[in-house]
Protein chains: 2
Amino acid sequence: MSNEEKSIITERNLGKSLEDYIEAVYDLHKEQGQARISDISSRLGMAKPSVNAAIKRLSALGLVTHERYGDVDLTPDGVRLAANVRHKHNVLLDFLVRLIGVDPDIAENEACSIEHSLCDDTMTKLEAFISKYDNH
Amino acid sequence: MSNEEKSIITERNLGKSLEDYIEAVYDLHKEQGQARISDISSRLGMAKPSVNAAIKRLSALGLVTHERYGDVDLTPDGVRLAANVRHKHNVLLDFLVRLIGVDPDIAENEACSIEHSLCDDTMTKLEAFISKYDNH
DNA sequence: TTTGCATGTTAGTCAATGCTAAAATTTTTT
DNA sequence: AAAAAATTTTAGCATTGACTAACATGCAAA
């Protein structure tokens, strides 16, 4: 598989908004086995019609499935993308909190903003830096 | 001056878009003493009417002045805000390129995305981290 | 000075993304 | 099973921020 092909899934095709939604679906399924519109709505603090519209967009992109009045679930492509975003979030949070000392609540928000802007390659380099730093 | 008052100027009141525009005005004035709509347009790769609309927004916020068919210039508040964004950009670029080894062209783009998401306090902490790291 | 090109502005459109109010459907309770 | 509550969806709207096409203005060259 070429790098271009791989990047179709994980690199920034979605904006911040859709990435936040898909990440919430991913987290909720891990935590409670399902992700209803209301769950996503309260998790992200968005009105339910906004969530509904976003899920429709994600569904059109083949990243989630959604039966009327039913559960929202990730497709395999959706899982890959969401896991990648989640991973970036975790690495950034670790860097901000542990290495440079940002308050965890602020870091949580900032990681959430930044995670959509860094490419896979940069993230890999950041992880390598953190490892090296941890081993002095 | 309270922290809240100071933050009115420098903290994230503008979105990424307007911050990019004001940063371009700041840079162009430093480089060539003026920033015309066309200069900003080619610098940012935006159509001129888009620039025009953005400058109107910045003008309504009291951050730039703009005479019809004339030069765009920063107000004192605009200078403060733009210098702050520029500074964040430079710190992030340095971190990405020198500390973690990102390609300069990619780092330039990523710094440009991230600079709008990090608060002043986090930036201060990042600068402190870089200093400490440089002095081993 | 007049013509023509560069620059700036206006007008109209579009996509993304959010909202509220109200209708439809499902689930729960009695 | 019927009524009530919760959930989801639809419909309609607002804002941001981008675009193109067309018009207006300013400057420079002939």
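**Touching DNA and touching each other**

Guide: H4(A) gives the most to the surface near DNA strand D, with four residues. Helices here are DSSP runs (H or I, at least four residues), numbered from the N terminus, and near means a heavy atom within 4 Å. This is a predicted model, where local features need pLDDT of at least 70, side-chain atom pairs need 80 or more, and totals for chains, interfaces and linings use all residues. Residues count from 1 along each chain, chains are lettered from A and ligands numbered from 1 as written, and side-chain values use heavy atoms, leaving out hydrogens and water.

Visitor: How much area do chain B and chain A bury between them?
Guide: Buried area is the accessible area (1.4 Å probe) that two parts lose on being put together, summed over both. Of this area, 70% is on carbon and sulfur atoms. The total is about 1600 Å².

Visitor: Which element gives the largest share of the side of chain B that touches chain A?
Guide: Helices H5 (76-99), H6 (104-114) and H7 (120-134) of chain B each give two or more residues to that side. The largest share, six residues, comes from H7(B).
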